[in-house]
Amino acid sequence: MTTPGFGPMRLCVLASGSSGNCSALVIGEGDDAEVVLIDLGLSPRRTRKELGAIGIDFARVRRVLFTHFDSDHFHTGWIGTLPRHMTQLVHRRHLGRGERENVLANVSEPYDGPIVLDRVTIHPHVVPHDELGSVSFRFEAAGGGTLGFATDLGRVTGEFINHLAAVDVLAIESNYCPRMEQESNRPDILKKRVMGGKGHLSNQQSAEAVRRIAPREHVVLLHLSRQCNTPDLAAAGHAGRAYQLTISRHDRPTPWIPIAPSCQPRVVPRVAATLFD
Ligand SMILES: [Zn+2]
């Protein structure tokens, strides 16, 4: 699995959107590299296929980290089929739901603070989404390089900005265009859920969060609505950017995105921490 030119970590979003979310994070290089999946929202068959397409043997995956358990983040095809060697990393607040929905076959010690692995420390932060919230993550590789990963967040808080401030690479959702959402034939209750502060971020809210977080090298836009967004609309808020931009898709993986310490100066956003809820 050695890929020359990549740093201590690399990310590939296998697919993202309301039809299924799954990303692969590789930590380290060579045969002892660790593979962590973020969410399991694709069917087992498709997960194996997309991993194979990017050169990763499914048997190499040791851990799965969950943002939350909505069906586009945990595919029911995994119930009863999760291989024994895969440890599920689940936030303490999602344990009850996980038990009720029978998705915790291989759960490790649940977390509500930093997860320290050999080569990376993962800092979780709960963001507003429906009743239980979703979890955003800041990955800090021992060898340098930081990744922020945030999807399914209803709104942006100062604490969230501080949590992901100045990461080298930021993957963040850019779910909908407000005009398309308003004009869609979706039921009002769904529009309210999406736009009401406990659903998803619009393109504008996402671009504003990116501006405040000030990522240094690369931004990956996640979870674009197929009905109420387009890649061009999502990209529009990033005109004149200093970072690279990748837009994830529902139907195929992104290229590998290297995560290494940036040479760009660190701009620390000046935001006051505010509590949410
Ligand atoms: Zn989702």
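Buried means under 20% relative accessible area, exposed over 50%, and partly exposed in between, with a 1.4 Å probe and protein chains only. This is a predicted model, in which local features need pLDDT of at least 70, side-chain atom pairs count only at pLDDT 80 or more, and totals for chains, interfaces and linings use all residues. Residues are numbered from 1 along each chain as its sequence is written, and side-chain values use heavy atoms, with hydrogens and water left out.

Select Ser202 to begin. With 4% relative accessibility, Ser202 is buried. Ser202 sits in the loop between α5 (188-195) and α6 (203-213); helices (H or I, at least four residues) and strands (E, at least two) are DSSP runs numbered from the N terminus. Apart from neighbours within four places in sequence, Ser202 has contacts (heavy atoms within 4.5 Å) with Ser174, Tyr176 and Pro178.

Next, select the zinc ion. Its protein donors are Asp72 (OD), His73 (NE2), Asp152 (OD) and His223 (NE2), lying 2.2 Å from it. Donors are N, O and S atoms within 2.8 Å of the metal (3.2 Å for Na, K and Ca); water is not among the atoms, so sites may look incomplete. The donor residues follow the spacing D-H-x78-D-x70-H. Asp72 is buried at 10% relative accessible area, and His73 is buried at 0%.

Finally, select strands β11 (residues 218-222) and β12 (residues 244-247). They pair in the parallel sense over four bridges, where pairing requires that DSSP finds at least two bridges between two strands. Within this pair, His218 stands opposite Gln244 in β12.
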